[in-house]
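Here is a short briefing to read alongside the model. It covers a core residue, a charged neighbour and some aromatic rings.

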Amino acid sequence: MLSLTTMLSLSVNMLLFTAVSGFRVVLEPKVAVHDETRSSWTKQEKPAPDMLVNFTVVLDAGAGRKALEQLFWQVSDPTHAKYGEYLSIASIADVLAVPKERVQRVRDHFAAAGAQVSVSPYGDALTLTMRAADADAALATDLFWFKHKHHAQAPRIVRAASSYSLPPSIASDVLMVGELLQFP
């Protein structure tokens, strides 16, 4: 059993480490990182640092996403009064209602990390294009090339070989960064 003094010392050291290292929030913590023993994909070399990679950042739309799903089922149900009343892109963006400050905050973060950023017409996702080395740093991860074990003709893909994280200033604004942990 640790003494109170030891526990306090460990807590202070952890706080100092966090302050010095820059605390980050791991996203998708329940998604397993690549495991060669269970995967059809083999990890290869790191991409060239200057190679451009693309990711999709899915923003938190809060209750808007649930409201949109409800509308989807209403306009799709022939017995519902709203059947066939499909929404325009602008109307979908209004239903999602992602705060512009959230979009700007996440956009600014990735632009400062070297990404070219475009916002989806619905305001709920960002498309990033950035150098692999910049992506490694911005997402605190390790990108690698992966090759399918059983289909030699399948193209190689770049994915993260470890978890990824974001600073707390934007972590709660982001649901996930696509094309990192997921394999086809």
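L180 touches F55, L139, L143, R159, A160 and Y164, leaving out residues up to four places away in sequence; contact here means heavy atoms within 4.5 Å. Please keep in mind that this is a predicted model, where local features need pLDDT of at least 70, side-chain atom pairs count only at pLDDT 80 or more, and totals for chains, interfaces and linings use all residues. Residues are numbered from 1 along each chain as its sequence is written, and side-chain values use heavy atoms, without hydrogens and water.

**Core**
- L180 is among the residues that touch the most other members of the largest nonpolar core, which has 33 residues.
- Such a core is a set of buried Ala, Val, Leu, Ile, Met, Phe, Trp, Tyr and Cys residues joined through side-chain atoms within 4.5 Å, with buried meaning under 20% relative accessible area, exposed over 50% and partly exposed in between (1.4 Å probe, protein chains only).

**R159**
- R159 is buried but has no salt bridge (a side-chain nitrogen of Lys or Arg within 4 Å of a carboxyl oxygen of Asp or Glu).
- The nearest side chain of opposite charge to R159 is E179, 6.3 Å away.
- The R159 side chain does reach the backbone oxygen of Q182, at 2.5 Å.

**Aromatic rings**
- There are three aromatic pairs, counting Phe, Tyr and Trp rings (the six-membered one for Trp) with centres within 6.5 Å; planes under 30 degrees apart are stacked, over 60 edge-to-face and the rest tilted.
- W41 and F183 form a tilted pair, because their centres are 6.0 Å apart and their planes at 40 degrees.
- W41 is buried at 6% relative accessible area, while F183 is partly exposed at 23%.
- Ring pairs join W41, F146 and F183 into a cluster.

Definitions and conventions: Lys, Arg positive; Asp, Glu negative; His and termini not counted. Polar contact = N/O pair within 3.5 Å; in protein donor to acceptor, adjacent residues only side chain to side chain.
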